[in-house]
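The following report describes a protein model for computational work.

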Amino acid sequence: MSDYYDAFEMSPVPDPGPDAVAPEPFRGIYAMPAFVTIPTSDLAASVDFWTRGLGFFELFSIPGTLVHLRRWAFQDVLLRSAASVPAQAPAVSFSFSCVLYQIDPLVEACRAVSPNSVDGPRDTPWNTRDVEVITPENARIVFTAAKPFDPASQEARNLEAIGITPPGGGRGDNEEHA
């Protein structure tokens, strides 16, 4: 028996598929369950990259000090003014969900703002297509889109090997949790 169960109703991320539609930018105010704070020595340039390249919008700002950016619900970034930023991107990354049709335009937009900022896209063994972006602050940001699920794929076998099966897939359907 698996301890995992389908809880997709909690997330703004749509079910993967060719007709998946990204949610609209979320402008509501809520208690943020998680967010990332990124220091920047050029707040204006950072806001420009994050808005034009990555598709975030400015929720609010404290001039010269902080800008709160957002895409979908629960995709919050605080850009904080700092005297300096790291000389290179750290090994750690922060990931944001998107849908497949957003990957190529995101790559193009980031390259238009900063030509050498993008690595990928690449497909993963866990059934996503990812693109890695190094921002002007040297933050390592990954945009990840779930690919349509193919039960005959290697990715499906990879997931099943760790106990994750599709809904209605028999073993581990977690009916008692639904």
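## Helix pair

Helices α1 and α2 are roughly antiparallel to each other, because angles over 145 degrees fall in that class. The model is a predicted one, in which local features need pLDDT of at least 70 and side-chain atom pairs count only at pLDDT 80 or more, while totals for chains, interfaces and linings use all residues. Residues are numbered from 1 along each chain as its sequence is written, and side-chain values use heavy atoms, with hydrogens and water left out.

Two packed helices are described by the angle between their axes and the distance between the axes. For α1 (residues 43-53) and α2 (residues 100-113), the angle is about 150° and the axes lie 8 Å apart. Axes here are lines fitted to C-alpha atoms, for helices over the stretch in contact, and angles run from 0 to 180 degrees between N-to-C directions. The crossing is right-handed, that is, the near helix is turned clockwise from the far one by less than a right angle.

## Helix contacts and burial

Through contacts (heavy atoms within 4.5 Å), D48, F49, R52 and G53 of α1 meet L106, A109, C110 and V113 of α2. By class, this contact comprises five nonpolar, one polar and two charged residues. Ala, Val, Leu, Ile, Met, Phe, Trp, Tyr, Cys and Pro count as nonpolar, Asp, Glu, Lys and Arg as charged, and the others, Gly among them, as polar.

Buried residues (under 20% relative accessible area, against over 50% for exposed and in between for partly exposed; 1.4 Å probe, protein chains only) in α1 are L43, S46, V47, F49, W50 and G53. In α2, Q102, I103, L106, V107 and C110 are buried, and their cover includes α1, β5 (94-98), β6 (118-123), β7 (128-134) and β8 (140-146). After α1 comes G55, with a positive phi near 80°.

## Overall fold

The protein contains three helices and eight strands, where helices (H or I, at least four residues) and strands (E, at least two) are DSSP runs numbered from the N terminus. Their order along the sequence is β-α-β-β-β-β-α-β-β-β-α.

Of the 178 residues, 38% are buried. The C-alpha trace spans about 55 × 35 × 30 Å along its principal axes. Among contacts with a separation of 6 or more, 59% involve residues 24 or more positions apart.

## Individual residues

H68 belongs to strand β3 (residues 66-70) and is buried, because its relative accessible area is 4%. Its side chain forms a polar contact of 2.7 Å with the side chain of D76. A polar contact is a pair of N or O atoms within 3.5 Å; within protein, one must be able to donate a hydrogen and the other to accept it, and residues adjacent in sequence count only if both atoms are side-chain atoms. Beyond four places in sequence, H68 contacts M32, F57, E58, L59, F60, D76, V77 and L78.

T124 lies in the loop between β6 and β7 and is buried at 7% relative accessible area. Its side chain makes polar contacts with the side chains of W126 (3.2 Å) and T128 (2.7 Å). Outside four places in sequence, T124 contacts D130 and E155. P39, in strand β1 (residues 36-40), is partly exposed at 26% relative accessibility. Not counting residues up to four places away, P39 touches R80, A82, V85 and E137.

Terms used: Parallel < 35°, antiparallel > 145°, perpendicular 65-115°, else oblique.
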